[in-house]
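This report describes how parts of one structure touch and pair. Please look at the sequence and the model first.

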Amino acid sequence: MAFSEKIRNIYKEELKGIEEAGIFKKERYIHSPQAADIEVEFPKGSSLKKVINMCANNYLGLSSHPEVIKAAHEGLDSRGYGMSSVRFICGTQDIHNELERKVTEFLGTEDTILFPSCMDANAGVFEAVLGKEDVMISDRLVHASIIDGIRLASAEHDTFKHSNMKHLEKKLQLHSDKCRRVVITDGVFSMDGDTAKLDEMVALCEKYDAMLFVDDSHASGFIGKTGRGTHEKCGVVGKIDIITTTFGKALGGASGGCVSGRKEIVEMCRQKARPYLFSNTIAPVVVAGVMKVFDILSASTERRDKLEANSTYWRKGLEDAGFVLQPGDTPIVPIMLFNAKLSQDISNDLYEKGIYAIGFFFPVVAKGQARIRTQISAGHEKHHLDKSLGVFIEVGKKYDILGKTKQEIIEMYGL
Amino acid sequence: MEDMKDIVLEYVIEEYLEDEDEELTYDTPLISGGIVDSFSMVSLKRFVENKYNISIPDDKATPEAFDTVESIVELVKKYIN
């Protein structure tokens with residue numbers, strides 16, 4: 001046995017350090033399908049508690065939609081459970097190709113390649129399409145999976161201040177000697193809920209001959225008039241060179257992701273992206289479910305319209321109550337608390353009163369930027385939002401933060 | 001020496017601070033203080049390398065070595081000499 005006591009103790013110490021730093025993550029077991037109303041076992045072994053879920057990425061409420069479930073059942077029956085192979089050996093079915101076509105059409109791109117997850121798409125794409133003579137210039141708040149992808153690539157990298165177009169332009173000028181430049185951003189930023197200025201970024205990329213990469217995981221299916229994503233909202237459909245997105249959030253919420261964009265980029269991924277080459281793709285049952293999601297979204301904008309109305313209602317309710325919010329107009333509505341312990345205490349109180357919403361603090365967000373991130377869904381009905389609002393106000397009163405400014409909250413609780 | 005500190009400090013303020021009125025001194029913790037994330041540190045490394053015509057090996061360009069303007073200047077001095 002190579003796992004000696006000495007090795008075990010090293011891990012124990014490391015885990016103790018994580019616990020002492022207050023960043024030890026504990027899972028909460030959900031005993032029901034993902035939805036606005038869920039039953040949760042927490043802490044482990046306790047009896048089930050019915051709570052309203054205010055922190056899922058289930059933006060369109062499609063995770064447990066009957067038509068999606070039915071389609072997945074049919075996919076399971078007609079195409080089986082697994083492929084037992086990567087795509088290029090014997091792991092590609094007709095429905096994988098069909099889903100790639102549907103995604104391309106929906107996003108308004110040239111071509112699409114599926115990945116086991118968007119984490120894999122982001123981890124694999126840069127290494128596949130860039131070399132050491134190139135540069136990647138990323139927004140400082142991009143998702144962790146993009147950071148991993150950048151680390152795996154041989155191209156040089158640099159960053160620009162979050163959504164700061166002047167700083168981005170300086171960086172594009174600084175790297176004008178590189179062969180290829182790619183500007184990298186999230187479409188909607190997951191922690192703040194703000195939207196990238198894609199129209200301005202497209203203009204800068206055209207001016208400095210750079211490609212534009214957008215991770216639209218928190219936008220695909222509901223941002224923009226017909227839910228195509230951030231590029232639709234910003235009026236630049238067809239002008240984004242590389243879009244990555246996930247099927248694990250609004251688009252059914254199961255798993256899987258993709259790279260969609262210029263056909264040469266997609267083909268390079270097919271030839272060289274390691275997560276595509278060395279891992280099975282999305283299981284047939286999930287492919288069938290995601291295809292149904294695209295059918296639902298292409299037939300009607302009803303769900304994204306309801307989500308938009310719900311988000312506006314929720315944001316206004318919190319604003320009127322006197323919470324400090326991150327500005328934005330997406331279903332991600334962060335309630336700013338600044339102090340890490342306060343975010344944990346409030347999250348615990350909310351849970352006690354039947355509202356499931358998680359507190360985030362450093363290192364997930366910057367120091368002194370602790371918050372409760374709420375996420376609205378088309379699966380929420382007005383009664384869910386009203387009950388949640390009532391509980392948020394009750395807890396807000398307990399901690400005396402309603403109507404207080406950022407400075408006042410920091411004076412009361414510290415950073 | 002003071003010059004070098006001021007040059008690095010000025011770069012850090014311009015490159016990383018959102019609000020340029022924010023107070024920053026030679027010994028403000030940059031990385032452990034959450035002002036510069038370790039991923040964005042690369043532009044700071046490149047800046048001092050280009051400015052002073054040196055090359056700092058990756059294993060020496062640690063978050064600890066880049067944590068304050070003071071420690072960055074100490075590191076740069078080693079490679080200038």
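## Contact between the chains

Two residues are in contact if their C-beta atoms, placed from the backbone, lie within 7 Å. By this rule, nine residues of chain A and eight residues of chain B make up the contact between them. On the chain A side, strand β6 (residues 156-160) gives the most, with three residues. Strands (E, at least two residues) and helices (H or I, at least four residues) are DSSP runs, numbered from the N terminus.

The chain A side consists of three nonpolar, two polar and four charged residues. Here Ala, Val, Leu, Ile, Met, Phe, Trp, Tyr, Cys and Pro count as nonpolar, Asp, Glu, Lys and Arg as charged, and the others, Gly among them, as polar.

## Source of the model

This is a predicted model, in which local features need pLDDT of at least 70 and side-chain atom pairs count only at pLDDT 80 or more, while totals for chains, interfaces and linings use all residues. Residues are numbered from 1 along each chain as its sequence is written, and chains are lettered from A and ligands numbered from 1 in the order in which they are written.

## Domains of chain A

Chain A is split into domain 1 (35-62 + 302-413) and domain 2 (66-299); the bounds come from an automatic or database domain assignment. Their centres, taken over C-alpha atoms, are 28 Å apart. Domain 1 of chain A brings 16 residues to the contact and domain 2 of chain A brings 18 residues. On the domain 1 side, β11(A) has the largest share, three residues.

## A sheet in chain A

Four strands of chain A form an open sheet with mixed pairing, in the order β1-β2-β3-β12. Two strands pair if DSSP finds at least two bridges between them.
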